[in-house]
Amino acid sequence: MSTATAGGPAAPGPPGPPAPGTRRSSIVRTRPWLAACFLLPALVLLGALVVYPIVYSVYRSLFDASGTGFVGLGNYVELFTDDDTLTAIKNNTIWVVVAPTVCTALGLIFAVLTERVRWGTAFKLIVFMPMAISMLAAGIIFRLVYEQDPDRGVANAVWVGVHDTFNEASAWPGARPRPNGELERTGGGAYTTGSAVDAADPANLPLVGVPPQDLADAAEASPARPAGDGGVTGTVWVDFAKGGGGEPNVVDPGEKALAGVVVEAVRDGRVVATATTGEDGVFTLPAEADGAHLRLPASNFTEAYNGVNWLGPSLITPAIIASYVWMWAGFAMVLIAAGLAGVPRELLEAARVDGANEWQVFRRVTVPVLAPVLAVVLVTLMINVLKIFDLVYIIAPGATQSDANVLALQLYLSSFGTGADQGVGSAIAVLLLLLVVPVMVFNVRRLRRENRR
């Protein structure tokens with residue numbers, strides 16, 4: 001528009017909108033060289049670090065180990081006939097299904113619950129802290145956590161502690177009678193005397209096989225004396241004198257007593273009396289034991305419970321997945337908590353006013369509203385676990401590494417391990433790419449749908 005002065009021309013006004021049908025020229029059309037200068041470094045890096053490796057991997061997968069003989073799809077056929085690769089594919093499937101699901105579920109639970117506690121920020125910090133640790137360091141940590149020895153492995157230390165709380169430990173694990181002695185092995189790992197005992201003659205029950213370190217605090221054994229009331233007495237001890245010497249089946253000076261050993265008197269297959277040895281190894285049974293056989297139950301000698309073999313063939317993959325969840329549950333929690341902060345509180349309050357309980361609010365309102373965020377977390381973790389390598393390589397011992405094998409580890413072993421075959425390794429790399437592409441396509445389409453809203 002313009003304004004006119006009296007008797008003069010109209011003053012120029014601000015420019016109006018472009019005429020219909022006209023289009024502003026973009027910088028690509030007017031100055032293509034400038035756009036190329038900006039894009040060229042990124043395109044060079046993309047081509048050198050992404051496109052070229054992909055193209056070369058596809059090309060290399062068509063050749064043999066030496067790289068000179070063309071084998072076509074032979075390497076791909078080997079992938080699906082080799083036991084190690086099939087195990088890796090199976091384990092990768094377990095990883096993709098279990099690990100992202102558990103991480104996302106825990107992240108959702110943590111994010112929702114921490115909104116209701118005053119120390120929620122501190123809890124989030126603790127849960128997210130493992131993300132600051134590298135995969136290598138986390139693998140070393142959990143290799144120690146899963147050690148079989150309860151004195152070194154935290155997992156078994158806790159497991160054994162709980163087990164021993166509800167199950168009484170054996171008195172002297174590993175102890176056994178002298179060969180050709182009075183005690184004979186019977187069913188279930190127990191030891192029973194070959195002849196009946198007499199109240200007038202104390203019973204000597206010598207044992208061997210107890211490590212010296214276990215006897216450091218044991219008292220000296222005492223010979224038993226006949227009981228005055230017709231009861232049966234005896235001694236259970238380690239029939240071994242330090243430095244040698246001594247007489248077999250006789251309590252010699254300096255020999256150690258075995259305290260806490262349960263002794264049963266058995267007649268006609270039935271236990272008629274029970275006693276426990278004292279600090280000096282002596283036990284006393286009532287008169288009912290006279291003429292019975294003495295039995296030392298297997299519970300006296302069972303080996304100490306050493307916990308679970310976390311790194312064994314059956315548990316190695318779940319154990320490594322647990323370490324991954326420990327690291328990445330915090331990542332899921334932080335993203336979901338950020339999405340939860342944007343949820344309109346009016347929706348939650350309206351649901352409560354309508355009579356919904358907290359579980360219904362969570363299931364019918366919170367989860368559907370957070371669905372886009374949950375999808376982002378789930379897809380990101382799925383892509384991440386398809387490439388998992390560090391934790392498996394560090395945590396799994398050599399004996400069970402094949403049981404914990406995954407595609408990324410198999411790629412490394414095939415390309416650089418014993419009998420390296422980079423043709424097969426390249427085929428595994430191409431397979432990994434083909435597995436990741438559908439997940440990425442799904443993620444891109446989901447993002448486009450959200451942008452259209």
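In the predicted model, a polar contact of 2.9 Å links the side chains of Asp239 and Arg178. A polar atom of the Asp239 side chain also lies 2.7 Å from the backbone nitrogen of Asn249. Asp239 is located in the loop between strand E7 (232-238) and strand E8 (262-267). Its relative accessibility is 2%, and Asp239 is therefore classed as buried, the cut-off for that class being under 20%. Leaving aside residues up to four places away in sequence, Asp239 touches Arg178, Pro206, Leu207, Val208, Glu247, Pro248, Asn249, Val250 and Glu255.

Asn249 is not a glycine, yet its phi is positive, at about 65 degrees.

A positive phi in a residue other than glycine is also found at Asp268, where the value is near 55 degrees. Asp268 belongs to the loop between E8 and strand E9 (270-276). The relative accessible area of Asp268 is 80%, so this residue is exposed.

The largest cavity holds about 40 Å³ of space. Its lining consists of Pro177, Arg178, Gly181, Glu182, Leu183, Pro206 and Asn249. By class, three of the lining residues are nonpolar, two are polar and two are charged. Among the lining residues, Arg178, Pro206 and Asn249 are also included in the contacts of Asp239.

Glu182 and Leu183, which likewise line the largest cavity, are among the residues touched by Thr192. Thr192 lies in strand E5 (residues 191-193). At a relative accessibility of 13%, Thr192 is counted as buried. The side chain of Thr192 forms a polar contact of 3.2 Å with the side chain of Thr186. Apart from residues up to four places away in sequence, the contacts of Thr192 comprise Glu182, Leu183, Glu184, Thr186, His293, Leu294 and Arg295.

Note on methods:
Residues are numbered from 1 along each chain as its sequence is written. This is a predicted model: local features need pLDDT of at least 70, side-chain atom pairs count only at pLDDT 80 or more; totals for chains, interfaces and linings use all residues. Side-chain values use heavy atoms; hydrogens and water are left out. On a 1 Å grid over the protein atoms alone, a cavity is a set of points where a 1.4 Å probe fits but cannot get out, and a pocket is an open set with protein on both sides within 12 Å along at least five of seven lines; lining residues have an atom within 4 Å of a point. Grid points are joined across faces, edges and corners, and a volume is the space filled by probe spheres set on the points. Ala, Val, Leu, Ile, Met, Phe, Trp, Tyr, Cys and Pro count as nonpolar, Asp, Glu, Lys and Arg as charged, and the others, Gly among them, as polar. Helices (H or I, at least four residues) and strands (E, at least two) are DSSP runs, numbered from the N terminus. Buried means under 20% relative accessible area, exposed over 50%, partly exposed in between (1.4 Å probe, protein chains only). A polar contact is a pair of N or O atoms within 3.5 Å; within protein, one must be able to donate a hydrogen and the other to accept it, and residues adjacent in sequence count only if both atoms are side-chain atoms. Contact means heavy atoms within 4.5 Å.
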